[in-house]
Amino acid sequence: MPGPYPPVNPKCPHFLHGGDYNPDQWPTEVWAEDMRLMKLSGCNAMSVGIFSWAQLEPQEGRYTFDWLDRIMDMLAENDAWAVLATPSAAQPAWMSARYPEILRTDYNRIHHGHGGRVNYCLTSPVWREKIATIATALAERYKDHPALLMWHVHNEYSGECYCDQCAAAFRDWLGRKYPTLDALNQAYWAAFWSHTYTDWSQVGPPGSPYGEGFHGGLWIDWKRFTTEQTIACFRTEADVLRRLSPGVPVTTNLMGTYPPLDYWKFARELDVISWDSYPRFHERPGESMHGTGFTHDLNRCLGGGKPFLLMESSPSSQNWMPVMRLKRPGMHRVMSLQAVAHGSDSVQYFQWRKGRGGHEKFHGAVVDHEGSENSRVFQDVAEVGQILAQLDPVIGSAVKAEVAIVYDWENGWAIEHSAGPRKDKEYIATLHEHYRTFWEAGVPVDVVGEEGDFSGYKLLIAPMLYMVRPGVAERIEAFVEAGGTFVATYLSGIADENDLVFTGGWPGPLRRLMGIRAEELDVLYDDERNLVVPARDNALGLTGPFEARVFCDLIHAESAEVLASYGEDFYAGRPALTVNRFGQGRAYYVASRNDEAFLDAFYAALMREQAIRPVLSAKLPRGVSVQARSDGQRDYVFMLNFTRQTRHVPLSEPGLENLLTGQAIGRSLDLEPYGSAILTRPAR
């Protein structure tokens, strides 16, 4: 059992509750009112200074810290903490004017003017110098301030720069990776279309009308390079902060499954993982809270299982969505507690007070333009604050999962960039679908990368493992041989780390483990379906038939046993689901993208087979999620209703108590629309 873990900073052994605070945008007479409202709402931690560079350094080398001094002092006087930010996400206008070489060049090779945010060259030596200088000034001034709880570097790192100095740095990066130009040409299959490079100067960033866009290996290497350049910018600031204020944790806010950056690499640099969660949830098509649960679990696992921080969420609507729907009564509470249930030790918001102007003036906030505590949203936030204040025992507790799903950024880059077999392969959506079954059953799940630790799990699932990097197949084989159960799907074992396809039969290095050979992949139109028909008396007890859609892999069973076959088209009767015994374990191959009914029945059978238990012995109604954290002595069970209807949950487990009231729980529980309950019991 992992954990329990210490608080993110021992100075504050409580849940962090607060948000992005921009006092420099408001007259000083508002500040005292902010402090009063923070106390009323139960907010104890404010992210300060995220976009304040022009206010901190209005002219080069001239600092104006007086306003921030006062805010830091006021937070300390009011028993609150500062998540103190470096302002490097948006440089001041004087800097862009004096040093235009720091501005970003975009995908179309257009050099930007000043404006927006995250508008800088990742490689620029001047930029690196400037962010180190402002970080030094902040750390030297506030390193011993009693309000300082944590450093927040930058804000939502994103984007790429295609300028000449980034192109030169990319060539240097490639030169270190590939010993010769011939090795690079071979890795990129550059003879295709006569795109062989004969001099390093010919290699440049991919994409747009001005760059090579067809070498998959080049595209993936560019993403790897950009990730490393972004991390280097982070280190430029973080190294200063850690040197001058040792012991103060350093983080930056990640963005879920944000495609361009490999967070498995970025996470190694952070003292605590934090991320910004903005789910769309009004029971509309394409909206799901299990997808948000998946990303919460991902962020917990990015930190090796330690609690993460929910750095941003909206207490109300979000201005950048196509439709600014309000959160219904109860929604804010249930969404906030979902983060806690999956491992967050904070609930924080963008933003504290709605601005009067600018791009985000209509984005939800704790304090509305009206400016008082009398709004519905403020009362929703205050309710969450009251709940979090009672959850100190949950701080540092961990989630124990027996199931893991493989999500890998490099694999996603390779899948989505490939010209075929379909334009949108829906990699993330597919991961969510495989995750959904466990979320609805109340079974915890970890999310791991290709290079993660597979030991300790009973069930490892790798949907669409298109790219198999060196050593990965061997580690999966070792997992299965030792008794684990592994699930692979169509579009697995196709290509290596350079996006060169494996020869000798797919699924490439997984072929021996899976006991099958894939010959062709049929891609269906969106309105087409095939059938998956389980074999009579199959070992999993599947009955079916089930619907297959989009992808149908035409496979041959070699050493594998056929559990189900296709029901229609010219490949009717061909294997659609197989199992291969390997050592002490089993490897299952799901050859088609199947409907929810298949995934529910298939994974229910595997859970029975592996004795994987849900968090709670209860039959959960649709839309009710149950997750648990534990400190090894007590389990903390979160029951959350994500529907507009009251849900009745029968309970057969003794010893449950309401954590907030101490009352014993009977044989059932009714959850109101968007309702929640936090239970406790002796640890299993």
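Modeller: Two strands pair if DSSP finds at least two bridges between them. Helices (H or I, at least four residues) and strands (E, at least two) are DSSP runs, numbered from the N terminus. This is a predicted model, where local features need pLDDT of at least 70, side-chain atom pairs count only at pLDDT 80 or more, and totals for chains, interfaces and linings use all residues. Residues are numbered from 1 along each chain as its sequence is written, and side-chain values use heavy atoms, with hydrogens and water left out.

Colleague: What makes E22 and E26 a pair?

Modeller: Seven bridges join strand E22 (residues 634-641) to strand E26 (residues 676-682), and a pair needs at least two. The two run antiparallel. Aspartate 635, for one, has arginine 681 of E26 as its bridge partner.

Colleague: Which sheet do four strands form, and in what order?

Modeller: An open, antiparallel sheet, ordered E21-E22-E26-E24.

Colleague: Why is one side of E21 and of E24 left without a neighbour in the sheet?

Modeller: Strand E21 (624-630) and strand E24 (657-658) each have a single partner strand, so they stand at the edges.

Colleague: What packs on the sheet, touching E21, E22 and E26?

Modeller: Helix H11 (residues 331-341) does; contact means heavy atoms within 4.5 Å. The direction of H11 makes about 145° with that of E22. Axes are lines fitted to C-alpha atoms, for helices over the stretch in contact, and angles run from 0 to 180 degrees between N-to-C directions.

Colleague: How do you know that E6 and E7 pair?

Modeller: E6 and strand E7 (residues 274-276) share two bridges in the parallel sense, which meets the requirement of at least two. Tryptophan 275 in E7 is the bridge partner of leucine 254.
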